Amino acid sequence: MSNLYDVTIIGAGPVGLFTTFYSGLRSLKTKIIDAEPAVGGKIRYFYPEKIIRDIGGIPAIEGQELVKNLHDQAKTFQPTIVCDERITELNRLTDGTFQLTAENGNKHHSKTIIIAAGSGTYEVHPLEVSGSETFASSLFYDIKNLASFQHKTVVVSGGGNAAIDWAQALEPIAKEVHLVYRGENFKGHEERVKEMHDSSICVHVNHEITALQGDSAHLKNCVIHCNKNGNTTKIDTDAIVVNHGVKVNLGSMLDWGFDTSEYGILVNQQMETSVPGIYACGDICTYPRKMRIIAAGLHEGPIAINSAKSFLDPDAEEVAMVSTHHESFTEA
């Protein structure tokens, strides 16, 4: 079958793209499929201008530049890249291979499958307060153009790394930046939290936004409520950046036969799911002490590929193509 691939990767975010590159290193005929119209996953969709700092050897890089680099790297061994196709059905055929069916009816055939679909579809947790519908045009769940916030008073709602990063990215651009977090202990990296507290960002812990107010459709202020003393405060506001996380939605993949938990697809140390020939890596998979950062996913992808290679060819090297390697080692 000429359209039969050794590996089909579902999800063309950063982890899927690097996994595609590594698959080529292992001389596997590779296809990568994504439901979005372009590669890049959540970074392309939400964080094109966000500065990413937690990848080894890259002190700082914009999300869109990282995606471009990974895309260029992924194309090294001429994989087949398919965008704008959401896979909705998986079947194992009588010969042991898999048939993937897209929402548009297109079918893809593969000997193994690696799922690198991030958090599945992108469904953000919305800000549901009085006035949120009226002033929807002033609510931002992603930032694609930092310069558009110049000279504005911006309120960032959230307490994770992304919210902290957005507040810090906006600080030199906006007129004033407030960060509102309903908790007390931020979920971000300690050093970034310290930097934020040392900056001009006005931090409101134990607070949450309860109402948006203004004239007609023009937002003028937001009301925040203190969870400790019950006091309310009005903040003059031009725009609100909401970062309350995204809902994990695996969609039809929940019916594909592998074990899952509320945190994603269960895998072992070899990135194997409970279905032979199907592997998972990146944010969509889970195991004890799982880290949901890009660097971890870039490690998991090659493990999944090595497992797929061994599945297809038991005589192949279990681990191949390391960055620094001595052909032989001699004991002293």
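The C-alpha centres of domain 1 and domain 2 lie 34 Å apart in this predicted model. Domain 1 covers residues 4-122 + 247-329, and domain 2 covers residues 126-244. The points below take up the contact between the domains, a helix pair and a sheet.

**Domain interface**

- Across the interface, nine residues of domain 1 are in contact with eleven residues of domain 2.
- About 870 Å² is buried between domain 1 and domain 2, and carbon and sulfur atoms give 54% of this area.
- On the domain 1 side, F46, E49 and K50 supply 53% of the area buried against domain 2, more than any other three residues.

**Helices α1 and α6**

- Helix α1 (residues 14-25) and helix α6 (residues 294-312) have axes that come within 8 Å and cross at roughly 35°.
- This crossing of α1 and α6 is right-handed.
- From α1, the contact is made by P14, V15, F18, T19, Y22 and S23.
- From α6, the contact is made by I294, G297, L298, G301, P302, I305 and N306.
- The residues of the α1 contact with α6 comprise eight nonpolar, five polar and no charged.

**The β14-β15-β16 sheet**

- Three strands form an open sheet in the order β14-β15-β16, and their pairing is antiparallel.
- Strands β14 (207-215) and β16 (232-236) are the edge strands, each pairing on one side only.
- On average, neighbouring strands of this sheet are turned by 25° against each other, direction ignored.
- Five bridges join strand β15 (residues 218-226) to β16 in the antiparallel sense.
- H225 has T232 in β16 as its bridge partner.

Technical notes
Residues are numbered from 1 along each chain as its sequence is written. This is a predicted model: local features need pLDDT of at least 70, side-chain atom pairs count only at pLDDT 80 or more; totals for chains, interfaces and linings use all residues. Side-chain values use heavy atoms; hydrogens and water are left out. Axes are lines fitted to C-alpha atoms, for helices over the stretch in contact, and angles run from 0 to 180 degrees between N-to-C directions. Helices (H or I, at least four residues) and strands (E, at least two) are DSSP runs, numbered from the N terminus. A crossing is left-handed if the near helix is turned anticlockwise from the far one by less than a right angle, and right-handed if clockwise. Contact means heavy atoms within 4.5 Å. Ala, Val, Leu, Ile, Met, Phe, Trp, Tyr, Cys and Pro count as nonpolar, Asp, Glu, Lys and Arg as charged, and the others, Gly among them, as polar. Two strands pair if DSSP finds at least two bridges between them. Domain bounds come from an automatic or database domain assignment. Buried area is the accessible area (1.4 Å probe) that two parts lose on being put together, summed over both.
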